[in-house]
Amino acid sequence: LRFLGVFIIAFLLLNPYLKSRFNETEKPVVVILHDNSASIKPVIGDSTKYREQLDKLYQSLEDDFDVRTYTFGNSLNAGFDSLNFEEKSTDISTALSSLNNLYENLNVGAVILASDGIYNTGSNPVYVKNDLGAPLYTIALGDTTPKKDVRVARVLFNNIVYLNDK
């Protein structure tokens with residue numbers, strides 16, 4: 001007993017290093033961001049057909065990835081349940097920054113952004129730092145060229161103009 005006790009104490013004094021290995025396989029995360037602003041509504045037209053296409057995209061990615069969906073307008077909201085195209089402002093930079101905070105230490109495979117690219121609050125989304133290390137894919141919705149505010153409909157002029165005439 002004395003030999004066994006001394007042997008166990010000496011063995012523990014050597015600080016034995018025991019290895020245990022666990023392998024856990026996780027699917028990479030794919031984040032789908034969708035613009036929920038009112039500027040998207042005229043572009044979409046039939047929203048039920050568009051939602052079906054979004055569901056088809058979701059289901060095609062779901063086998064290989066952990067797909068998470070968000071809508072944004074003024075703030076970031078989880079899921080497509082709140083997709084109603086009634087937000088009055090679009091803040092793409094805050095949505096991307098919030099994603100950077102949410103998925104900071106996770107394996108993010110891609111970020112898919114569906115928007116018309118028009119933002120009216122926040123900073124320019126081009127300058128948002130991408131800390132995720134994942135590529136950002138865009139789905140361009142609608143026309144991103146700014147619409148003209150003013151047009152000349154009719155010009156009135158005199159056929160003959162005299163000196164000092166108004």
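How accessible is D131, and does it count as buried, partly exposed or exposed? Here are a few friendly notes, with that one answered in point 4.

1. This is a predicted model, in which local features need pLDDT of at least 70 and side-chain atom pairs count only at pLDDT 80 or more, while totals for chains, interfaces and linings use all residues. Residues are numbered from 1 along each chain as its sequence is written, and side-chain values use heavy atoms, without hydrogens and water.

2. An open sheet of 5 strands runs in the order β3-β2-β1-β4-β5, with mixed pairing. Strands here are DSSP runs (E, at least two residues), numbered from the N terminus, and two of them pair if DSSP finds at least two bridges between them. β3 (76–78) and β5 (136–140) each have a single partner strand, so one side of each edge strand lacks a neighbour in the sheet.

3. In the sheet, β1 (residues 29–35) and β2 (residues 66–72) pair in the parallel sense over 7 bridges. V29 has D66 as its bridge partner in β2.

4. You will find 2 salt bridges (a side-chain nitrogen of Lys or Arg within 4 Å of a carboxyl oxygen of Asp or Glu). One joins R68 and D66, at 2.8 Å from N to O. In the other, the closest N and O atoms of D131 and K129 are 3.7 Å apart. As for the opening question, D131 is partly exposed at 47% relative accessibility, whereas K129 is exposed at 62% (buried is under 20% relative accessible area, exposed over 50%, partly exposed in between, with a 1.4 Å probe and protein chains only).

Technical notes
Helices (H or I, at least four residues) and strands (E, at least two) are DSSP runs, numbered from the N terminus.
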